[in-house]
Amino acid sequence: MSGHTTELVVFAVLFLVVSGMGFVAARWRRPQNIESLHEWGLGGRNFGSWITWFLVGGDLYTAYTFVAVPALVFGAGAIGFYALPYTVVVYPLVFLVLARMWSVSHVHGFVTPADFVRARFGSPTLALVIALTGLVATMPYIALQLVGIEAVLKSMGITGHLPIIIAFAILAAYTYQSGLRAPALIAFVKDTLIYIVILAAVIYIPAKLGGWGSIFDAAQAKFDATPVKTDGITLNAANQLQYITLAFGSALALFLYPHSLTGVLASKNRGVIKRNMAALPAYSFLLGLIALLGFMAIAAGTKPIGTDTNTIIPRLFDQMFPDWFTGVAYAAVGIGALVPAAIMSIAAANLFTRNIYREYLNKQATDAQEAKVSKLVSLVVKVGAVLCILLLDPQFSIDLQLIGGVIILQTLPSVALGLYTRWFHRGGLITGWAAGLAAGVWMLYLIPNPAKGKAHFGGSAFALEKLGLDTPMTVYAGFLALAVNLVVSVLATLAFRAAKVADGEDATSRGDYFADEGDPRVKELDLSASH
Amino acid sequence: MTTREPGQPSSDRSPWNWLLVLPIALPLMTFLFNADEPRLMGFPVFYWLQIAFILVGVACTTIVYRMTR
């Protein structure tokens with residue numbers, strides 16, 4: 001404990017400064033009235049390029065990513081580097097899709113992806129399915145942010161759950177008060193700290209370890225010495241397809257998460273989104289460097305605390321940096337957990353309010369009632385996340401998050417393809433969703449992890465030999481599940497049409513998908529004027 | 001700068017959009033670069049080339065944005 005005093009002081013000071021900012025954020029770009037979801041939940045829908053860049057970047061690149069990706073590289077090598085192509089591929093992939101989503105959402109006042117699905121396919125049931133999928137996928141993601149903070153606290157010698165409960169109570173309080181403005185303001189600090197820490201790490205640590213060449217050589221030597229065939233600093237026949245499908249599947253899934261869309265919908269026009277698609281890869285560069293910290297930990301001979309490989313990067317910092325800078329690095333990870341946790345809980349709360357509360361419990365809800373319910377639900381969601389960590393094995397959250405990625409992909413036909421085509425029948429989409437979900441969970445169930453002594457839910461790499469194919473190749477389970485979903489959606493749509501089952505009304509029109517700021521239809525949504 | 005005239009384009013179609021395929025396809029063709037040599041500043045090609053693909057992605061999205069706005 002005594003060896004960590006400096007770190008602890010720096011960490012605590014930075015954490016408190018940021019918490020103060022969270023409370024002050026309610027006054028930032030002050031609205032006339034914060035009591036509506038467009039204000040509390042989407043920050044007034046008026047963020048420009050810079051704020052959006054920090055907000056979305058702070059949201060997508062979470063503390064857990066910073067801890068888990070290098071831990072994966074440390075343990076398995078090249079396969080863990082999938083995070084880089086994943087975040088290179090995603091932006092050109094969604095460049096046009098998100099602009100359409102922005103337009104149609106601003107014309108119709110949508111706050112969640114399920115709002116869009118409801119209007120597009122005229123089906124409250126399909127919207128409920130999409131909303132529940134989003135909630136289930138997001139909840140463990142919030143819990144995982146706590147795992148990130150826990151890894152840092154553990155490295156400072158702090159055990160027990162009280163500090164985490166305090167941290168989340170503070171987070172819950174300022175999110176309640178300031179809504180999306182709080183993470184938007186804090187994201188500036190978080191991202192700045194992360195950039196400083198990582199750039200220092202990739203210059204300073206390799207210099208101490210004899211350069212990048214010897215770091216990679218040390219990693220290769222370690223992987224050569226292990227009996228496992230799937231590790232190494234390059235890919236092999238068994239995991240190459242897994243690498244490609246995992247990167248591509250994760251890219252498809254990223255903007256289906258409700259919290260990713262929250263940041264996008266909060267921006268003020270289509271140009272902001274498109275400029276951000278060109279500028280956000282700056283974070284991918286950072287993520288690539290962070291992944292390589294895993295190799296540095298190998299070269300430096302860093303050992304995790306117990307069997308918790310998530311502590312490997314905090315341990316590396318502790319070993320390499322002077323105490324005060326380690327404190328800064330730990331604060332960067334800790335604060336890095338707060339921004340996404342806040343946005344995720346806001347997104348989950350919005351889903352509940354718009355697609356369950358207003359749909360089924362109070363059809364005549366006013367703006368103020370919606371905001372109130374969302375604020376309360378955001379508290380409930382955070383309590384739930386803390387309970388997940390306190391009552392369940394943290395490993396369970398990691399498993400759930402793995403499942404979350406696979407199941408959120410199953411909303412792709414309704415949400416993403418729905419922006420392009422109205423061809424699918426609402427019944428077909430529900431059938432496809434169910435089939436994809438069942439296939440995905442079944443495949444995940446069949447994946448063992450011998451290293452952790454688990455027979456089921458041991459990872460996302462599904463061995464094709466389980467389907468009777470004679471090959472050592474593995475593939476990302478979510479990718480196969482999505483294929484099942486698409487095929488069933490098409491077949492079921494044809495079947496519903498043939499049986500002449502009534503389809504829903506489409507409340508959107510073609511022009512809605514291209515409307516931009518300044519368009520009279522978008523202007524109707526100018527909320528500050530309507531209050 | 002960002003505010004448009006009320007007369008909106010009624011489509012987002014453009015031949016420039018095809019440029020977006022490049023940064024999507026290139027990083028997924030691992031067979032092209034799944035190797036240790038040649039190294040650049042100590043980085044195996046598998047790593048430095050994928051980091052370089054970030055620049056391809058930025059360039060392509062920037063060009064498409066500028067040509068279609």
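Colleague: How many salt bridges are counted between chain B and chain A?
Modeller: The model is predicted: local features need pLDDT of at least 70, side-chain atom pairs count only at pLDDT 80 or more, and totals for chains, interfaces and linings use all residues. A salt bridge is a side-chain nitrogen of Lys or Arg within 4 Å of a carboxyl oxygen of Asp or Glu. Between chain B and chain A, the count of salt bridges is 2.

Colleague: Which side chain meets A:D217 in a salt bridge?
Modeller: Residues are numbered from 1 along each chain as its sequence is written, chains are lettered from A and ligands numbered from 1 in the order written, and side-chain values use heavy atoms, with hydrogens and water left out. The N to O distance of this salt bridge is 3.0 Å. The partner of A:D217 is B:R39.

Colleague: Which element of chain B gives the largest share of the side that touches chain A?
Modeller: Helices are DSSP runs of H or I, at least four residues long, numbered from the N terminus. Two elements give two or more residues to this side, helix 1 (21-25) and helix 2 (45-68) of chain B. The largest share, 12 residues, comes from helix 2.

Colleague: How much area do chain B and chain A bury between them?
Modeller: The size of an interface is often given as the accessible area lost when the parts come together. Here buried area uses a 1.4 Å probe and is summed over both parts. B:D12, B:Y47 and B:Y65 supply 18% of the area that chain B buries against chain A, more than any other three residues. With 67% of it on carbon and sulfur atoms, the area buried between the two chains is about 3600 Å².

Colleague: Where is the cis peptide bond from B:E37 to B:P38 placed?
Modeller: Omega of this bond is near -5°. B:P38 lies in the loop between helix 1 and helix 2 of chain B.

Colleague: Is B:M41 buried or exposed?
Modeller: B:M41 is placed in the loop between helix 1 and helix 2 of chain B. Its phi is positive, about 50°, although B:M41 is not a glycine. Buried means under 20% relative accessible area, exposed over 50%, and partly exposed in between (1.4 Å probe, protein chains only). At 69% relative accessibility, B:M41 counts as exposed.

Colleague: What phi does A:K500 have?
Modeller: A:K500 is in the loop between helix 21 (477-498) and helix 22 (520-523) of chain A. At 72% relative accessibility, A:K500 counts as exposed. In this residue other than glycine, phi is positive, near 55°.
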